[in-house]
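I opened this entry to learn my way around a structure that is new to me. My notes follow the order in which I looked things up.

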Amino acid sequence: MSGELEVPSQTVKDYLGYSFGPLEHFSFMLRDEGELRGLIGPRELPRLWTRHIVNSAQVAEFLPPEDLDAELPLRLADIGSGAGFPGIVLAAMRPDIDVTLIEPMERRIEWLDDVINEMGLDNVTLIHGRAQEAMQRKSAKKFHFVTARAVANMMKLAPMVSPLLYVEGKLLALKGRKAKEEVEEARHVLRKAKLIKVKVHEMPSPAAPDDPEEITRIVEALRI
C-alpha cells in the first residue's frame with residue numbers, strides 16, 4: 001500500500017461515539033485490501049478518516065434521532081456504494097436504520113459483502129445492480145432517505161433517485177466544490193423529478209475544522 005493510514009484524532013473518536021470501533025475495523029480492512037481490490041487510490045490512506053469516513057459520517061446529521069418513535073423502521077438506500085461511502089459508515093452509526101447498498105459492480109459487491117460479514121452489520125441489504133433496476137424488482141421497496149457520493153452530477157442523479165423515495169423522503173447527496181453550480185444547472189430537472197426545497201449545506205469537517213479544503217457539502221432535497 002502507498003502511504004500510512006491516517007490516525008484519527010480524539011475529536012474524531014468523540015464525534016463517532018460508539019461507532020468508532022466498527023469504523024476503525026473498516027479502516028483497517030481498507031488499509032489491507034482497499035488498493036489491492038481497486039476500491040481506493042494510492043494516496044487515500046493518509047486522509048482516509050478526514051476525506052472519506054468523517055465526510056460520510058456527516059450525512060448522519062440529517063437523519064432523525066435514534067429515539068424517534070417511528071411506526072416502521074426507517075429505510076435508507078445508498079446508491080453506487082463502491083468502497084462503502086457513505087453506506088457502510090451510516091449503517092455502523094445507525095443500527096436502527098435499515099440500509100440498502102445498491103452497487104452495479106460485482107467486485108465491489110463482493111467487497112461490501114465481506115465488510116458486512118466481518119463488521120457484523122445485520123441492518124444491511126445488498127442489491128447488485130443499478131438504482132434504476134432496483135425499483136423494477138418484484139421485492140422493490142421505497143426509502144425514506146437516499147444517499148449518493150461521487151455517483152453522478154445532479155442532472156443525472158435527480159431522475160435516478162426520485163423513484164426510490166417515498167413522498168416526503170429525502171435525497172442526501174455528498175458533493176464537491178461545484179455543488180451549488182450543479183444544483184443551479186439542474187433546477188428544472190430537479191423540479192421534474194419532484195425534488196424540491198433543495199439546499200446545499202456546507203459544513204466544516206470535525207476532523208479538520210479549520211481546513212477550507214475539507215468542507216463537507218451535502219445537497220438535501222425533499223421528494224413530493
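I began with T147, which lies in strand 4; helices (H or I, at least four residues) and strands (E, at least two) are DSSP runs, numbered from the N terminus. I note that this is a predicted model, where local features need pLDDT of at least 70, side-chain atom pairs count only at pLDDT 80 or more, and totals for chains, interfaces and linings use all residues. Residues are numbered from 1 along each chain as its sequence is written, and side-chain values use heavy atoms, with hydrogens and water left out.

Is T147 buried or exposed? T147 is buried, at a relative accessible area of 0%. Buried means under 20% relative accessible area, exposed over 50%, and partly exposed in between (1.4 Å probe, protein chains only). I then listed what T147 is in contact with (heavy atoms within 4.5 Å). Neighbours within four places in sequence aside, I found V59, L76, A77, D78, I79, P86, L90 and L172.

**Helix 4 and A91**

Next I looked up A91, in helix 4. A91 counts as buried, at 1% relative accessibility. Its contacts, leaving out neighbours within four places, are V99, L121, N123 and V124. I also checked A91 against S19: they are 72 residues apart in sequence, and 9.4 Å apart in space, C-alpha to C-alpha.

**Helix 3**

How many of the ten residues of helix 3 are buried? I counted nine, so to speak, from the record of residues 48-57: helix 3 is mostly covered. The buried ones are L48, W49, T50, H52, I53, V54, N55, S56 and A57. They pack against helix 1 (10-16), helix 2 (20-33) and helix 4 (87-93), and also against strand 4 (143-149), strand 5 (165-175) and strand 7 (216-223).

**The cores**

I turned to the nonpolar cores, each a set of buried Ala, Val, Leu, Ile, Met, Phe, Trp, Tyr and Cys residues joined through side-chain atoms within 4.5 Å. Which residues touch the most other members of the largest core? They are L23, F26, I88 and W111, out of 45 residues. Helix 1, helix 2, helix 3, helix 4, strand 2 (98-103), helix 5 (106-119) and strand 5 each give two or more residues to this core. Helix 4 supplies the largest share, six residues. Apart from this core lies another, of 29 residues, among them A134, M154, V161 and A193.

I followed I88 further. Not counting residues up to four places away in sequence, I88 touches F26, L101, L112, V115, I116, M119 and L121.

**Strands 2 and 3**

Strand 2 pairs with strand 3 (residues 124-128) in the parallel sense, over five bridges. Two strands pair if DSSP finds at least two bridges between them. E103 stands opposite H128 in strand 3. Strand 2, helix 5 and strand 3 form a right-handed β-α-β unit. Right-handed means that, with the strands pointing away from the viewer, the path from the first strand over the helix to the second runs clockwise.

**The whole chain**

Last, I stepped back. The protein chain has nine helices and seven strands. Its C-alpha trace spans about 45 × 40 × 35 Å along the principal axes. Of its 224 residues, 51% count as buried. Among contacts with a separation of 6 or more, 72% join residues 24 or more positions apart.
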